[in-house]
Amino acid sequence: YKTRGSCIVEIETNDGIVGWGECYGPSAVSKAFIDTQFGPRIIGRDPFDVEVIWEDLYNRIKDYGTTGMAISAISGIDIALWDIFGKITGQPIGRFFGGRLREKVMPYASLLMDEPKIMNANLTELRGQGFKAFKIGWGTFGRIDTANDELLVKSARQAIGDDCFLAVDAGGSDAYWRGNLRWAINASKMLADYNVGWFEEALRPDDLADFIELRKQSPVPISGCEVLTRRQSFTPFITERAFDIIQPDVTKVGGIGEFRRIAAMADEYAIRVIPHGWNTAIGLAVDLQLSSAILTAEKV
């Protein structure tokens with residue numbers, strides 16, 4: 001795809017205060033849910049009743065499925081309501097979660113893997129902008145052979161230098177992903193040679209048993225869960241310790257409240273939380289607020 005759309009949610013109170021939210025996925029689908037199912041149910045409601053409204057919207061659609069695009073649509077509404085809450089009170093949202101544990105985080109530049117010459121030029125430009133952490137992903141990694149995999153990672157490490165953080169995203173949620181457990185274990189050992197900070201989406205998203213085994217054998221931290229919605233989907237991956245790092249997307253999992261419940265569960269198992277964000281500035285702003293207040297959130 002050369003472009004992708006986002007469904008932006010705008011909610012205005014009777015007093016003219018506007019809250020903004022964002023839904024993950026095809027914008028037309030989220031819009032359809034909001035126009036036909038959710039929008040009419042929130043008109044005239046108290047915007048401070050964020051959790052009450054969430055449950056009402058969820059109960060409206062759960063008979064048709066408890067995960068997926070409907071939850072993404074609820075995410076956008078939930079974020080917009082929290083935005084209104086913060087604007088009315090004049091406080092950053094992170095403060096409502098018990099206070100801010102940190103005032104700044106280190107950003108990482110995320111880019112798709114390309115052939116080394118192009119990728120290295122992009123990495124060099126980003127380093128020149130001041131980035132000290134990078135994630136490279138998808139492209140041909142895991143899709144040609146192991147020599148190509150190592151060439152990509154080696155080239156990236158040479159481009160950014162040994163003093164920068166590097167993560168690798170295999171993109172196992174890609175259609176027809178073929179990387180299996182044996183490949184992932186071998187790849188993780190190669191990644192360790194280049195001091196990779198985490199190995200993301202090394203397997204298909206539902207491969208719970210293989211993720212458990214991969215984490216046991218991998219010398220680098222294993223991350224994932226970006227495709228999941230609602231806390232119930234995360235539960236087995238957290239309780240079975242399939243990951244070192246989980247990456248819920250606040251615009252997908254059900255919004256801010258659901259993200260916090262997922263993060264609290266992860267904390268019980270000493271699993272780090274690094275928000276997934278392939279969103280607009282709205283999603284990024286929410287991720288920053290969450291990262292300020294969640295104990296297991298990491299600067300990288």
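This is a predicted model: local features need pLDDT of at least 70, side-chain atom pairs count only at pLDDT 80 or more; totals for chains, interfaces and linings use all residues.
Local features were considered at pLDDT of at least 70 and side-chain atom pairs only at pLDDT 80 or more, whereas totals for chains, interfaces and linings use all residues. Residues are numbered from 1 along each chain as its sequence is written, and side-chain values rest on heavy atoms, with hydrogens and water left out.

The structure holds 13 salt bridges, a salt bridge being a side-chain nitrogen of Lys or Arg within 4 Å of a carboxyl oxygen of Asp or Glu. Glu51, Arg231, Glu258 and Arg261 are joined in a network of such bridges. Within it, Arg261 pairs with Glu51, with the closest N and O atoms 3.5 Å apart. Because Arg261 belongs to helix 9 (residues 256-268) and Glu51 to helix 2 (residues 50-61), this pair ties together parts that are 210 residues apart in sequence. Helices (H or I, at least four residues) and strands (E, at least two) are DSSP runs, numbered from the N terminus.

Glu258 also forms a salt bridge with Arg231, at 2.8 Å from N to O. This pair links distant parts of the chain, with Glu258 in helix 9 and Arg231 in helix 8 (residues 231-239), 27 residues apart. A further salt bridge, at 3.0 Å from N to O, joins Glu258 to Arg261. These two residues are separated by about one helical turn, because they are 3 residues apart in helix 9.

Glu258 is buried, at 0%. Arg231 is partly exposed at 25%, as are Arg261 at 29% and Glu51 at 32%.

Asp169 lies in strand 5 (residues 165-169). Asp169 is buried yet has no salt bridge, and the nearest side chain of opposite charge, that of Lys135, is 4.2 Å away. For charge, Lys and Arg count as positive and Asp and Glu as negative, while His and the chain ends are not counted. The side chain of Asp169 reaches the backbone nitrogen of Gly171 at 2.9 Å. Apart from neighbours within four places in sequence, Asp169 is in contact (heavy atoms within 4.5 Å) with residues including Met113, Lys135, Trp138, Glu200, Glu201 and Glu226.

Grid points are joined across faces, edges and corners, and a volume is the space filled by probe spheres set on the points. The whole structure contains 1 cavity of 30 Å³ or more.

Strand 1 (7-12), helix 1 (27-42) and helix 3 (69-89) each supply at least two lining residues. Strand 1 provides the largest share of that lining, 6 residues.

Technical notes:
Buried means under 20% relative accessible area, exposed over 50%, partly exposed in between (1.4 Å probe, protein chains only). A polar contact is a pair of N or O atoms within 3.5 Å; within protein, one must be able to donate a hydrogen and the other to accept it, and residues adjacent in sequence count only if both atoms are side-chain atoms. On a 1 Å grid over the protein atoms alone, a cavity is a set of points where a 1.4 Å probe fits but cannot get out, and a pocket is an open set with protein on both sides within 12 Å along at least five of seven lines; lining residues have an atom within 4 Å of a point.
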